[in-house]
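Please keep the sequence and the model in view while reading.

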Amino acid sequence: MKTFIAILTSCLLLAAQPVFAIDLQTAKDQGLVGETPGGYLETVNAPSAEVKTLVDNINAQRQQKYKDIAARNNTSLEAVELLAGKKAIEKSEPGSYIKLGGSWQRK
């Protein structure tokens, strides 16, 4: 009976917890993701499923925007990605991770 009550209590406590999805700024603030010279996000360490999904979704959105910009300006996708990466690194907050020379650094 004690085991049943303990399990029931645990289930109720877990069910009562609100579900929070991580957002980009939180992931950056926690050092989970960083900007790269190629214009996309990468995970700094082994990501949780939630962080991986966040990075994949944002990178897909970025790639679509980069393709649109490249088409509008009659330039290559790679040129747009590199320019976007440079700007993203420049705009990164102090303390956030950026990838330079193939390795992660705190800005």
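Does Gly-101 count as buried or exposed? At 88% relative accessibility Gly-101 counts as exposed, where exposed means over 50% relative accessible area, buried under 20% and partly exposed in between, with a 1.4 Å probe and protein chains only. The model is predicted, so that local features need pLDDT of at least 70 and side-chain atom pairs count only at pLDDT 80 or more, while totals for chains, interfaces and linings use all residues. Residues are numbered from 1 along each chain as its sequence is written, and side-chain values use heavy atoms, with hydrogens and water left out.

Gly-101 lies in the loop between β3 and β4, strands being DSSP runs (E, at least two residues) numbered from the N terminus. These two strands form a hairpin with two residues between them, and Gly-101 in the turn has a positive phi of about 60 degrees. Two strands pair if DSSP finds at least two bridges between them, and the pairings are as follows.

| Strands | Sense | Bridges |
|---|---|---|
| β3 (residues 97–100) and β4 (residues 103–106) | antiparallel | four bridges |
| β1 (residues 33–35) and β3 | parallel | two bridges |
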